[in-house]
Amino acid sequence: MGLIEDRLVPLDPRTRTSAEESELLYAAGPVARVELPGAIRSWAVTHDAPARAVMRDARFVKDINQWGAWTRGETPRDWPMIGLVDIGTSMVSTDGAEHRRLRQPVAREFTPQRVEKLRDRVEEITRELLDRTARSADAEGVVDLKDTFAFPLPISVVGELFGMPVEWHGPLRTLYDSYFDDSSAPETVHETLAGLRGYIARLVELKRTAPGADLTSALLARLGDAPSDEAAQELIATLQTMITAGHETSVHAIVNAVRSLLSDPAQLGLVHTGRYTWDDVVEESLRLDSPALNFLFRFATEDIEVAGTLIRAGESVVISYGGMGRDRAQHGADADRFDITRRPRHTSFGHGPHSCPGSALARLETTIALRELFARFPGLRLADPDAPLERSPSVIVNGHRALPVRLG
């Protein structure tokens with residue numbers, strides 16, 4: 001039972017676009033055998049219904065100690081992607097009651113009602129960044145929109161939410177670029193992880209001595225005056241997870257949506273008619289170009305059959321959001337096409353207990369970003385429509401190194 005070895009799908013951002021890789025994974029069947037950078041083999045669930053089932057199945061867990069290749073020493077401790085799996089005790093590495101305990105304080109802060117209160121500030125930051133973008137353009141009106149707008153917006157919003165000093169944004173961007181780089185040298189891996197953890201630990205200490213009206217201070221206050229070392233380490237891991245996911249997702253959501261609209265002006269025209277909204281654009285872009293292309297890992301605690309394939313105890317499973325977004329059974333025969341009239345039901349923010357608690361904020365940021373961007377620059381277009389965008393060196397994030405545009 002299962003796929004034969006010669007159908008192993010290598011995941012390598014250097015050899016194909018994310019769209020090509022997503023199509024390849026979808027075509028490989030609902031469960032495919034894949035090889036990640038570093039020659040790490042895993043299963044990938046690539047169709048919508050079986051992936052949803054896996055994400056709800058309590059027999060698939062997030063505890064790295066259930067991964068046979070890890071406990072047997074087959075996975076190097078300096079594997080470039082290890083920081084995405086071995087992250088300490090946090091809400092993304094635990095299940096059941098422990099997961100609920102760690103998730104609930106954060107989830108309370110990201111309800112749709114609380115996120116809506118951030119709207120005015122997100123709009124203010126967006127307009128400030130668009131002013132900066134206009135000033136950054138060269139003599140021909142060309143600018144890298146990722147650099148001037150798509151990255152600064154989410155990191156600014158998340159930075160304010162967690163009380164992070166503005167001067168940290170630049171160094172953190174460098175660290176996150178390394179964090180998601182599948183080709184990082186072994187000596188770089190631990191330096192990057194230590195660097196990120198160091199910033200979060202400094203943030204916690206900063207708020208311990210000078211608390212403010214921010215989420216870090218609020219989470220610290222829940223721990224009391226003298227939190228145990230274990231509780232402090234859990235907080236650091238949780239903050240690192242939230243800050244990472246809280247900005248990285250929106251960066252790629254903005255870039256991918258802008259690229260899709262500029263590549264298909266007819267779709268942009270549908271928004272201008274008023275029949276379709278920026279929300280429609282965001283949802284279709286999230287479906288077709290999920291910011292998280294593949295998500296690591298879930299581990300089988302026993303032998304489990306998924307869509308006719310046997311996944312054995314101790315094996316790892318990747319959730320392929322890219323493949324799921326192209327599932328013809330879920331999204332139609334033209335699922336590989338960007339179409340804002342589709343109004344899809346997608347799974348790009350996860351499903352089940354581990355669904356993303358920050359999805360409402362990501363949607364708010366992306367919707368405001370698109371609306372304000374195209375209002376400010378109605379003549380916006382790709383700087384070179386024929387030049388392919390260089391993919392980020394990651395099989396995890398669905399990103400591009402840059403987005404050169406002409407402001408018009």
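In this predicted model, ring pairs join Trp 67, Trp 79, Phe 297 and Phe 299 into a cluster.

**Exercise 1.** Classify the pair formed by the rings of Trp 79 and Phe 297, and say where in the chain each residue lies.

*Solution.* A search of the whole structure finds 10 aromatic pairs. For Trp 79 and Phe 297, the ring centres are 6.3 Å apart and the planes meet at 10 degrees. Rings pair if their centres lie within 6.5 Å, and planes under 30 degrees apart count as stacked, so the pair of Trp 79 and Phe 297 is stacked. Trp 79 lies in the loop between helix H3 (68–71) and helix H4 (96–109), while Phe 297 belongs to strand E6 (residues 294–300), so that the pair links distant parts of the chain, 218 residues apart.

**Exercise 2.** Are Trp 79 and Phe 297 buried or exposed?

*Solution.* Buried means under 20% relative accessible area. Trp 79 has a relative accessible area of 2% and is therefore buried, and Phe 297, at 2% relative accessibility, counts as buried too.

**Exercise 3.** Classify the pair formed by the rings of Tyr 176 and Tyr 179.

*Solution.* The centres of these two rings are 6.2 Å apart, with the planes at 85 degrees. Because planes over 60 degrees apart count as edge-to-face, the pair of Tyr 176 and Tyr 179 is edge-to-face. Both residues lie in helix H9 (residues 169–179), and because they are three residues apart, about one helical turn separates them. Tyr 176 counts as buried at 3% relative accessibility, as does Tyr 179 at 10%.

Methods:
Residues numbered from 1 in each chain as written. Predicted model: local features only at pLDDT ≥ 70, side-chain atom pairs only at ≥ 80, totals over all residues. Heavy atoms only, no water. Phe/Tyr/Trp six-rings, centres within 6.5 Å; stacked < 30°, edge-to-face > 60°. Helix = DSSP H or I, 4+ residues; strand = E, 2+ residues; numbered from the N terminus. Buried < 20%, exposed > 50% of the residue type's maximum accessible area, 1.4 Å probe, protein only.
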